[in-house]
Amino acid sequence: MPTGEEHVGSLRDSVTHTLRERIVSGDLAPGSRVVERQVADQLGVSRVPVREALRMLEREGFLEERATRGMVVRRLDSDDVEMLFAVRESLEAVLSRRLVDVLDDTGLATLDGLVASADAHDRAGRHSEAVRANAEFHTALVDLARSRVLSSIIEPVAGRMAWLLNQHTEPAAMVAEHRSIVEALRSRDADRAAAVFAQHLASSRAAVARLDPGQ
């Protein structure tokens, strides 16, 4: 039976995950207030795990505390964006080569299915579902690499990248590029895969710059 401390820790992790997902999906937009009492009431938990979750998300860079408004969802500044893309570029070079080595036909079928799902949602005008399927594609890439070390390093960056790209990119363009990634991985050509991953990241960077010239 879990101790009181373990129970609070489990609730904290659950609240953290829920809030992080709401931020990444855009349900909680940059600048939105996140009020401890309201979150506790919405999720049916005490304020202690919510308080700990907010501090964790602040450390992860999703929230910031302002003297006059309390906790709010951060707006990424230009330096944040530049560093996210620089770090992600380095990590994806490693990820793409790892996937060429370990990805099997079942993994390729999983990626094909996520691309098809995003495409179907986009064609039907279900924008949020298409965005979610595209985000799941990147999550699947990391999972399919089957490396605990790589996952532990990439996941915090991936969450923030998904948050940024969900605000700036269109699902249809992402679908086409994700399809190219799958084909490059299917070819088992490490150099081709690395180049396609790099081009995908460059396209995402350009999309951010177009919609937010200050970035």
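The structure is a predicted model, in which local features need pLDDT of at least 70 and side-chain atom pairs count only at pLDDT 80 or more, while totals for chains, interfaces and linings use all residues. Residues are numbered from 1 along each chain as its sequence is written, and side-chain values use heavy atoms, with hydrogens and water left out.

I begin with the aromatic rings. The rings belong to phenylalanine 62 and tryptophan 163; their centres are 5.1 Å apart and their planes stand at 45 degrees, so the pair is tilted. By definition, planes under 30 degrees apart are stacked, those over 60 are edge-to-face, and the rest are tilted.

Where do phenylalanine 62 and tryptophan 163 lie? Phenylalanine 62 is in the loop between helix 3 (47–60) and strand 1 (63–66), and tryptophan 163 is in helix 7, so the pair ties together parts 101 residues apart in sequence. Helices here are DSSP runs of H or I with at least four residues, and strands are runs of E with at least two, numbered from the N terminus.

Phenylalanine 62 counts as buried at 1% relative accessibility, and tryptophan 163 is buried with a relative accessible area of 1%. Buried means under 20% relative accessible area, exposed over 50%, and partly exposed in between, with a 1.4 Å probe and protein chains only.

I turn now to the core.

Terms used: Phe/Tyr/Trp six-rings, centres within 6.5 Å; stacked < 30°, edge-to-face > 60°.
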